[in-house]
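Good morning, and thank you for making time for this item.

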Amino acid sequence: MKIAVTYARLRNVIRLKRFMRVVIFFPALSLRFGILTWALLFLVRSVHADDGTWLSNPENNDWNNGSNWSSGTVPGFEDIATFDSSNVTRLTISGLTNNAGIVFNAGADSFTITPSVANEANIVCDGNVENNSGIAQNFVLGPGTFFELFNFPNEPAWVVGSLITFTNQAGGGTVLFEGTSSGGAGTFINQGGSVAGQTGGITQFIGTATAGGSTPINQGATASGAKGGAPSLCNSFRRRATRP
């Protein structure tokens, strides 16, 4: 069974939570994996963190360093990551990150957040990406990294707020929208490839996810044999963030 195979490969707490949600939605799966579900529930609860605010004077620029957050731990899948004024505003992400929302408060500085390791450092958000600062906020997705905004059927349609720009770099930098999530008022720049054979950046809408009122900017390739940046539509519900 495809669903069972997919979730059997989950390798971290974020993926464990998703597994339990799928079990809830599919009773037959619940009977088969009932004991495992209880074990996973215990594990997830044991590592639950807290909502956290990026410190005004953090230890370094690594999102995944708990010492940089007011909670003393990295905000997790049930937590909202919040940003105010700080003397470190260019952040890197060194591992898979999952949050229940990202908020830039009124008076926050302008931040640039960049996953730093292809296929390992990615952002998964089960909540709104809000910008109350009144100034630009930026996410940069390098080759092989992605930002995923998704919601389950029992949740609101999460959106991206205004003055938030995602730059999807050539080589596979990707923003994915799943469920009924929306690009909202965000700006999405899909850069074109610069060497032969290189793919462009991608903004992908899966299932019933929509672009909303967002602004897409698709840049052409700058080298022969390279591909330009582009949006992508996919009808199937494909959980890229749960791939091993």
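Residues are numbered from 1 along each chain as its sequence is written, and side-chain values use heavy atoms, with hydrogens and water left out.

Let me begin with confidence. A contact here means heavy atoms within 4.5 Å. Where pLDDT is low, the predicted coordinates should not be read in detail.

Next, the overall make-up. The protein has four helices and 16 strands; both are DSSP runs numbered from the N terminus, helices being H or I of at least four residues and strands E of at least two. Of the 244 residues, 49% are buried, where buried means under 20% relative accessible area, exposed over 50%, and partly exposed in between, using a 1.4 Å probe and protein chains only. Among contacts with a separation of 6 or more, 68% are between residues 24 or more positions apart.

I turn to the sheet. Four strands form an open sheet in the order E1-E2-E5-E8, with parallel pairing; two strands pair if DSSP finds at least two bridges between them. Strand E1 (52-53) and strand E8 (129-131) are at the edges with a single partner strand each, so one side of each has no neighbour in the sheet. Between E1 and strand E2 (residues 81-83) there are two bridges in the parallel sense, and Gly52 has Ala81 in E2 as its bridge partner.

Which residues touch the most other members of the largest nonpolar core? They are Trp63, Phe83, Ile102, Ile113, Phe139, Phe147 and Phe166, out of 30 residues in that core. A nonpolar core is a set of buried Ala, Val, Leu, Ile, Met, Phe, Trp, Tyr and Cys residues joined through side-chain atoms within 4.5 Å. The elements giving two or more residues to this core include E2, strand E5 (102-104), strand E9 (137-141) and strand E11 (164-168). Phe139 shows the packing: leaving aside neighbours within four places in sequence, its contacts include Ile102, Ile113, Phe147 and Phe166. Apart from this core lies another, of seven residues, among them Val124, Phe146, Ile206 and Cys234.

The aromatic rings come next. The structure holds 16 aromatic pairs. Rings of Phe, Tyr and Trp (its six-membered ring) pair if their centres lie within 6.5 Å; planes under 30 degrees apart count as stacked, over 60 as edge-to-face and the rest as tilted. Trp69 and Phe83 have ring centres 5.6 Å apart and planes at 65°, so this pair is edge-to-face. Trp69 lies in the loop between E1 and E2 and Phe83 in strand E2, 14 residues apart; both are buried. Phe104 and Phe111 make a tilted pair, with 6.1 Å centre to centre and 40° between the planes, and both residues are buried.

Asn99, in strand E4 (residues 97-99), is buried at 0% relative accessibility. Its side chain reaches the backbone oxygen of Pro75 at 3.0 Å, and Asn99 is also in contact with residues including Trp63, Asp79 and Asp126.

Is Glu59 buried or exposed? Glu59, in the loop between E1 and E2, counts as exposed at 59% relative accessibility. The side chain of Glu59 makes a polar contact with the side chain of Asn65 at 3.0 Å; the term denotes a pair of N or O atoms within 3.5 Å, where within protein one must be able to donate a hydrogen and the other to accept it, and residues adjacent in sequence count only if both atoms are side-chain atoms.

Leu163, in the loop between E10 and E11, has a positive phi of about 60° although it is not a glycine. Most residues other than glycine have a negative phi. Leu163 is partly exposed, with a relative accessible area of 44%.

Methods:
This is a predicted model: local features need pLDDT of at least 70, side-chain atom pairs count only at pLDDT 80 or more; totals for chains, interfaces and linings use all residues.
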